[in-house]
Amino acid sequence: MRTLTAHVKIAAAPGLVWDALADFGDVAAWAPYMRISHIVGVQETGVGTRRAMQHELGFRFEECVTEWNEGEGYSFDVFRAPWPMAEVKETWTSRRDNGFTTVTTRVSYGMKLGYLGASIDWLLVRFIVRREMRAGLRGLKEYVERRATPPENPLSSG
């Protein structure tokens, strides 16, 4: 299995970051490559929560939370990952860090097709996964920081 890790510093309180992360069904609000996302079933938080998504490239998949640490982060398994990926697991965590909130994401995955799959991973898949991890973190940062900065009051400018 390959494991990739990325992180971003967000200029917002940990609670604001957690509010965005904890809205598990609305990842499409901030992840630029997700077109549609929603909760599957009635459970909205915690272990067992499921969401379905549609990627900008058209493929659909589901994720199920396997670990939930309130206010800190969670892990989930991806079902029906894009072929030839297999056993995709992802973790998102947040922590206070010198006036910022640092969010870290870790993706672990395997590849089908043996040596051919390993070659496809080395030549293409790992770059795509890294690109999407970084885009997701940038999207989260922009989304949270936009919500954390109060809009200017046009009446106060004189």
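This is a predicted model: local features need pLDDT of at least 70, side-chain atom pairs count only at pLDDT 80 or more; totals for chains, interfaces and linings use all residues.
**View 1. Helix α1 crosses helix α2.** Zoom in on α1 (residues 14-22) and α2 (residues 114-148): their axes come within 10 Å and cross at roughly 125°. That angle makes α1 oblique to α2, and the crossing is a right-handed one. Where the two helices meet, α1 brings L16, V17, A20 and L21, while α2 supplies L140, Y143, V144 and A148. Sort the residues of this contact by class and you get eight nonpolar ones, with no polar and no charged residues.

View 2. Next up is D77, which sits in β5, the strand spanning residues 73-79. Its side chain is joined to the side chain of K89 by a polar contact of 3.3 Å. K89 also turns up on the contact list for D77, along with E62, E63, C64, T66 and V88, once neighbours within four places in sequence are left aside.

**View 3. The aromatic pair F24 and F76.** How many aromatic pairs does the model have? The count comes to eight, and this view picks out the one formed by F24 and F76. Their rings are arranged edge-to-face, at 5.7 Å centre to centre and with 70° between the planes. F24 belongs to the loop between α1 and β2 (34-40), whereas F76 is part of strand β5, so the pair ties together parts that are 52 residues apart in sequence.

Terms used. Residues are numbered from 1 along each chain as its sequence is written. Side-chain values use heavy atoms; hydrogens and water are left out. Axes are lines fitted to C-alpha atoms, for helices over the stretch in contact, and angles run from 0 to 180 degrees between N-to-C directions. Helices (H or I, at least four residues) and strands (E, at least two) are DSSP runs, numbered from the N terminus. Angles under 35 degrees count as roughly parallel, over 145 as roughly antiparallel, 65 to 115 as roughly perpendicular and the rest as oblique. A crossing is left-handed if the near helix is turned anticlockwise from the far one by less than a right angle, and right-handed if clockwise. Contact means heavy atoms within 4.5 Å. Ala, Val, Leu, Ile, Met, Phe, Trp, Tyr, Cys and Pro count as nonpolar, Asp, Glu, Lys and Arg as charged, and the others, Gly among them, as polar. A polar contact is a pair of N or O atoms within 3.5 Å; within protein, one must be able to donate a hydrogen and the other to accept it, and residues adjacent in sequence count only if both atoms are side-chain atoms. Rings of Phe, Tyr and Trp (its six-membered ring) pair if their centres lie within 6.5 Å; planes under 30 degrees apart count as stacked, over 60 as edge-to-face and the rest as tilted.
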